[in-house]
Amino acid sequence: MFDKVLIANRGEVALRIHRACREMGIRTVAVHSTADADAMHVRLADEAVCIGPPSAAASYLNIPAIISAAEITDTDAIHPGYGFLSENARFASIVEEHELVFIGPSAEHIRLMSDKIAAKDAMRRLGIPVVEGSERPLSGLSEAVAVAEDIGYPVLIKAAAGGGGRGMTVIREPVALEAGLRTARAECLAAFGDDTLYIEKYLSQPRHIEVQLLADGRGAAVHFGERDCSLQRRHQKVVEEAPSPGLTQAERDSLCTRVRDAIAELGYRGLGTVEFLYDDGDFSFIEMNTRVQVEHPVTEMVSGLDLVREQIRIAAGEPLGYGQDAVTIRGHSIECRVNAEDPYTFAASPGRISDYHTPGGIGVRVDSALYSGYSVPPHYDSLVAKLIVHGADRGECRMRLRRALEEYVIGGIETTLPLHLEITDEADFIAGAYDIHWLERFIGGRTP
Ligand code: MV4
């Protein structure tokens, strides 16, 4: 096992990784920007290295500074968390070239999954259902017309280098295809420096379902069930839950088993999430994430496992050590992402935390690096806390969530806590009857 791990991230996930390391007897190195000198994970880590000014490009994305920090602290491995360098294949290679361990899958698997066309092709070959559409990069308008005619409108133009909702254009009728293609190419070239496009059948009202997996790269893999992440605003998840209220037990068992077997056959190593759109009884693969995800705690709550610990163990070369029989999903879990934002306008609300009180009691978990007197810096993502609850069933879980939201006090800044209380009381949420568009519609129709 590693003696020392460098945490190449900030905020709640940096603290989450520090906690897993501590419990494994691993020393930690925090790296931070000048804006994060007072951050909780910096205080708790055994060592801390300032790697640059506030801008992420100059600090948390600064590969030479991070590698130098690892070398001067005699680190064994680097945990990238989520976001920043977590799905950067070049970073994973550079880490390995410096005889450090990248806590994540091989650079090859990261590269494969970051090319969305190649990822779909790999999954199709492994027998996983993928969304209908072009199976190669689009050559031009005539091919786009032919594919769209074949699968039928509406279609969605996506960027091979995209993902997470970036670089998508819906085309509802043939006359809009030419202009849509031209706009999509220009946008993708500007955003990703790559204008490789593909077309898919546009699914109008699906749910977003994702399967959590762990594999050891030697053909052993387990799944930890699925999560429903349909409640999103502008491609940012807001509430996640496990299991999905929209699936039957037979549907989830069949999906999770097939994905687990596919990932084992791929020779994948590490923690991973395979994303699907679920529409009318059918699952269609869209993307695979090769990092630990923001919403991993709901899976930890229903499985009783520490996924970050498992991720570190696998990266250290340990075998999986257990089979699917050892994984039991119990009860229900819901996570609310609490952002430092106005709950109506969603304007960022950085600033000093004047009062801070976290909810507690049975089945309640708060993953946050906030503390009273801390100043939320304006330079980064607005996620400041995750409230995660567990209950014997979805009904108990929802009532526990309500009372925990009522207990939570974050003073001095605006947060999205009031939005979460509203969602929790909505009839559609209570019924579990929502799709990927439900939250935007709900937000659009409410008044302060
Ligand atoms: C789609 C889709 C409909 N049809 N693909 C958005 C995020 C990215 N991972 C894929 N996304 C979508 N892909 C087809 N063929 C609708 C979306 C989508 C979406 C997906 C999941 C959660 C929220 C979403 C919000 C808008 C669009």
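## Loops, a helix pair and a ligand site

Reader: Between which two elements does the loop with F84 lie?
Author: Glad to start there, with the reminder that this is a predicted model. F84 has a phi near 40 degrees, which is a positive value in a residue other than glycine. Its place in the chain is the loop between β4 (77–79) and α4 (89–97).

Reader: Which residue does a cis peptide bond join to Y153?
Author: Look at the loop between α7 (141–151) and β6, where a proline lies. The omega of the bond is about -5 degrees, and the residue joined to Y153 in cis is P154.

Reader: What is omega for the peptide bond from A242 to P243?
Author: Here the proline, P243, lies in the loop between β11 (236–242) and α9 (249–266). The bond from A242 to P243 is cis, with omega near -10 degrees.

Reader: Is α5 roughly parallel or roughly perpendicular to α6?
Author: The axes of α5 (residues 107–114) and α6 (residues 116–125) come within 5 Å and cross at roughly 100 degrees. Angles of 65 to 115 degrees count as roughly perpendicular. Therefore α5 and α6 are roughly perpendicular.

Reader: How many nonpolar residues does the contact of α5 with α6 have?
Author: From α5 come L112, M113 and S114, and they meet K116, A118, A119, A122 and M123 of α6. By class, the contact has one polar and one charged residue, while its count of nonpolar residues is six.

Reader: Now the ligand: which residues come nearest?
Author: There are 18 residues around the ligand. By class, this shell has eight nonpolar, five polar and five charged residues. The ones that come nearest are K158, E200, K201, L203 and E287.

Reader: What is the distance from a nitrogen atom of the ligand to a polar backbone atom of K201?
Author: E200 places a polar side-chain atom 2.9 Å from a ligand nitrogen atom. L203 uses a polar backbone atom, also 2.9 Å from a nitrogen atom of the ligand. For the backbone atom of K201, the distance is 2.7 Å.

Notes. Residues are numbered from 1 along each chain as its sequence is written. This is a predicted model: local features need pLDDT of at least 70, side-chain atom pairs count only at pLDDT 80 or more; totals for chains, interfaces and linings use all residues. Side-chain values use heavy atoms; hydrogens and water are left out. A residue is near a molecule or strand if one of its heavy atoms lies within 4 Å of it. A polar contact is a pair of N or O atoms within 3.5 Å; within protein, one must be able to donate a hydrogen and the other to accept it, and residues adjacent in sequence count only if both atoms are side-chain atoms. Ala, Val, Leu, Ile, Met, Phe, Trp, Tyr, Cys and Pro count as nonpolar, Asp, Glu, Lys and Arg as charged, and the others, Gly among them, as polar. Axes are lines fitted to C-alpha atoms, for helices over the stretch in contact, and angles run from 0 to 180 degrees between N-to-C directions. Helices (H or I, at least four residues) and strands (E, at least two) are DSSP runs, numbered from the N terminus. Angles under 35 degrees count as roughly parallel, over 145 as roughly antiparallel, 65 to 115 as roughly perpendicular and the rest as oblique. Contact means heavy atoms within 4.5 Å.
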